[in-house]
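Let's take a quick walk through a few spots in this model. Have the structure open and follow along.

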Amino acid sequence: MRSFLVFVCFFFPCFCYANQGEILSYEIIEEESQAAQQIYPVNEQNKRVIKEKEHEYLINAMDVYALSSSAKLLALPRMVSAAHNFESDKNVDWERVIFEASQAYGVEKALIWAVIKVESNFIAHAVSRKGAVGAMQIMPDTQKELGLVNPVNAKDNVFAGTKYLKQQLELFNGDISLALAAYNAGAGNVQKYNGIPPFKETQTFVKKVMAYMQAY
């Protein structure tokens with residue numbers, strides 16, 4: 001396949017530029033298909049064997065970090081989805097909310113901003129398939145602990161999430177990486193493994209947040 005593409009690009013450069021998107025899409029599909037084969041075996045009729053009602057979509061069962069480099073950029077750590085229209089979030093003054101939360105709990109603005117960016121991409125009504133809600137993707141049990149009544153309210157969610165971040169920072173002596181790991185996987189897992197747990201989701205979450213902090 002690649003030899004054919006080289007041949008076409010050499011003799012028909014205009015064709016290649018015009019169809020670059022299609023070629024890229026094909027490459028991604030091929031890589032994802034190969035990754036899927038490792039998850040779901042194929043029977044004699046060349047059909048994937050999927051347990052009934054195991055997953056609504058293939059990507060929910062797939063290790064998204066094993067996908068192609070282009071595809072995995074589309075997947076947030078918790079696979080959030082907007083429960084409401086994206087337009088409603090444009091009315092939120094995120095910089096102001098983050099500033100106030102930073103002042104209230106003594107947490108760096110860059111850290112708060114980066115967590116929101118990775119968790120929900122500033123979608124106040126984001127809801128994950130695991131049940132995490134809002135801008136900072138707070139789980140129901142944690143909402144109760146923090147006294148968060150309206151998790152889809154941007155300011156309430158960010159204040160609660162920042163409070164939780166502060167708790168993790170204090171628990172792990174200001175170590176941002178460990179605090180983030182605890183935010184994602186729970187403090188118990190960080191203590192159990194004496195560091196960032198060996199969970200791909202958690203490790204990727206920490207790396208992404210740290211990278212966004214530097215870019216803030």
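## A loop residue

Where is the place of Ala124? Look in the loop between α7 (109-119) and β2 (126-127). Keep in mind that this is a predicted model.

## α7 against α12

α7 packs on helix α12 (residues 200-215) at an angle of about 130°, and the two axes are 8 Å apart. That angle makes the pair oblique, and the crossing of α7 past α12 is right-handed.

On the α7 side, the contact is made by Ala110, Leu111, Trp113, Ala114, Val115, Lys117, Val118 and Glu119. α12 brings Phe205, Lys208, Val209, Tyr212 and Met213. Sorted by class, that gives 10 nonpolar residues, three charged ones and no polar ones.

## The enclosed helix, α10

Why is helix α10 (residues 176-185) largely enclosed by the rest of the structure? Because eight of its 10 residues are buried. Among them are Ile176, Leu180, Tyr183 and Asn184. The buried residues of α10 pack against α7, α9 (154-171), α11 (187-193) and α12.

At the start of α10, a side-chain oxygen of Asp175 comes to within 3.1 Å of the backbone nitrogen of Ser177. Just after the helix, Gly186 has a positive phi of about 100°.

Conventions
Residues numbered from 1 in each chain as written. Predicted model: local features only at pLDDT ≥ 70, side-chain atom pairs only at ≥ 80, totals over all residues. Heavy atoms only, no water. Helix = DSSP H or I, 4+ residues; strand = E, 2+ residues; numbered from the N terminus. Axes fitted to C-alpha atoms, helices over the stretch in contact; angles between N-to-C directions. Parallel < 35°, antiparallel > 145°, perpendicular 65-115°, else oblique. Left-handed = near helix turned anticlockwise from the far one by under 90°. Contact = heavy atoms within 4.5 Å. Nonpolar A, V, L, I, M, F, W, Y, C, P; charged D, E, K, R; others polar. Buried < 20%, exposed > 50% of the residue type's maximum accessible area, 1.4 Å probe, protein only. Polar contact = N/O pair within 3.5 Å; in protein donor to acceptor, adjacent residues only side chain to side chain.
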